[in-house]
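Subject: Structure handover

Hello,

Here is the structure I promised you. Please open it and keep it in view while you read my notes below.

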Amino acid sequence: MATVIIKRLAKSPFVLITVLVTLAAFSFTPRFPFKSFSNSLQQQVQRLFTAEELALYNGTDDTLPVLLGILGSVFDVTKGKSHYGVGGGYHHFSGRDASRAFVSGNFTGDGLTDSLRGLSSTEVKSIVEWREFYFRSYTFVGKLVGRYYDGEGNPTKSLKGVEAKAARGTQLLEKQKKEEAKQPSCNSRWSQGEGGELWEVWCDDGFPRLVRRPLEIALTGKMSKRCACFKEDQLSETG
């Protein structure tokens, strides 16, 4: 019966070619299904680093890529080796998570830490924005086990708290902008006077007055003032 079928197929070469290609496909089915490859790729992307492992990628070994961490996310910054490698201006960030230094500017000793304790909402917001910069500009290669990710790569309470504080900072900044838009800011410039340089302020419409910025405490932890313009009938409101 099989001989008869083959003879019939032989009379139709296009059908015979189709059958042979199909049989060949089944014969050379990969030993590892696509799903396994996908899982392997996912594991590679989600690689977990210890602090000791990450320290090996600080740019001192030319055979290894240069990595840095921020809020527990690890990025390959090798393409920016002139900056992140030995002698580069950002080398202090390589091989570690020095999240705090992105806003503190302290690149020595205790300043090179991932602890954000005591930072304001705007400072934490700035660090989260730096992390987004690295996601956009460099290759994400894994997570650092410790303060922000546990041993299984899950976000810790510390990371969730940081992101919540950053979101709160964004909301407060928007609220402050809306509030201050109701009362326009003064114009200002340095000018040369008889006694030297003077800081001159004026309003195109109204009178300049210093007023407190009540949301600044929540944003920066400090109270500050700004110069705003008030119409004559509003001057009593400034106290």
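Phe133 is partly exposed in this predicted model. Its relative accessibility is 28%. Tyr134 is buried, at 2%. The rings of Phe133 and Tyr134 have centres 5.1 Å apart. Their planes stand at 75°, so this pair is edge-to-face.

Now look at Tyr84 and Tyr90. They form a tilted aromatic pair, with 5.6 Å centre to centre and 45° between the planes. Tyr84 is buried, with a relative accessible area of 4%. Tyr90 is partly exposed, at 42%.

In total, the structure holds 17 aromatic pairs. One aromatic cluster includes Tyr84, Tyr90, Phe133, Tyr134 and Tyr138. Lys79 lies over the face of Tyr138, 5.1 Å from the ring centre. Arg189 sits over the face of Trp202, at 4.7 Å from the ring centre.

Next, the cores. The largest nonpolar core has 24 residues. Tyr134 is among those with the most contacts inside it, and so are Ile70 and Leu71. At least two residues of this core come from each of β2 (67-70), α6 (101-104), α7 (121-137) and α8 (157-181). α7 gives the largest share, four residues.

What does Leu71 touch beyond its neighbours within four places in sequence? Its contacts include Leu116, Ile127, Tyr148 and Val162.

Last, the whole protein. There are nine helices and eight strands. Of its 239 residues, 30% are buried. The accessible surface is about 16000 Å², and 56% of that belongs to carbon and sulfur atoms.

Best wishes

Notes
Residues are numbered from 1 along each chain as its sequence is written. This is a predicted model: local features need pLDDT of at least 70, side-chain atom pairs count only at pLDDT 80 or more; totals for chains, interfaces and linings use all residues. Side-chain values use heavy atoms; hydrogens and water are left out. Buried means under 20% relative accessible area, exposed over 50%, partly exposed in between (1.4 Å probe, protein chains only). Accessible areas come from the Shrake-Rupley method with a 1.4 Å probe; for residues, only the protein chains shown count as cover. A nonpolar core is a set of buried Ala, Val, Leu, Ile, Met, Phe, Trp, Tyr and Cys residues joined through side-chain atoms within 4.5 Å. Contact means heavy atoms within 4.5 Å. Rings of Phe, Tyr and Trp (its six-membered ring) pair if their centres lie within 6.5 Å; planes under 30 degrees apart count as stacked, over 60 as edge-to-face and the rest as tilted. A charge sits over a ring if NZ of Lys or CZ of Arg is within 6 Å of the ring centre and within 35 degrees of the ring normal.
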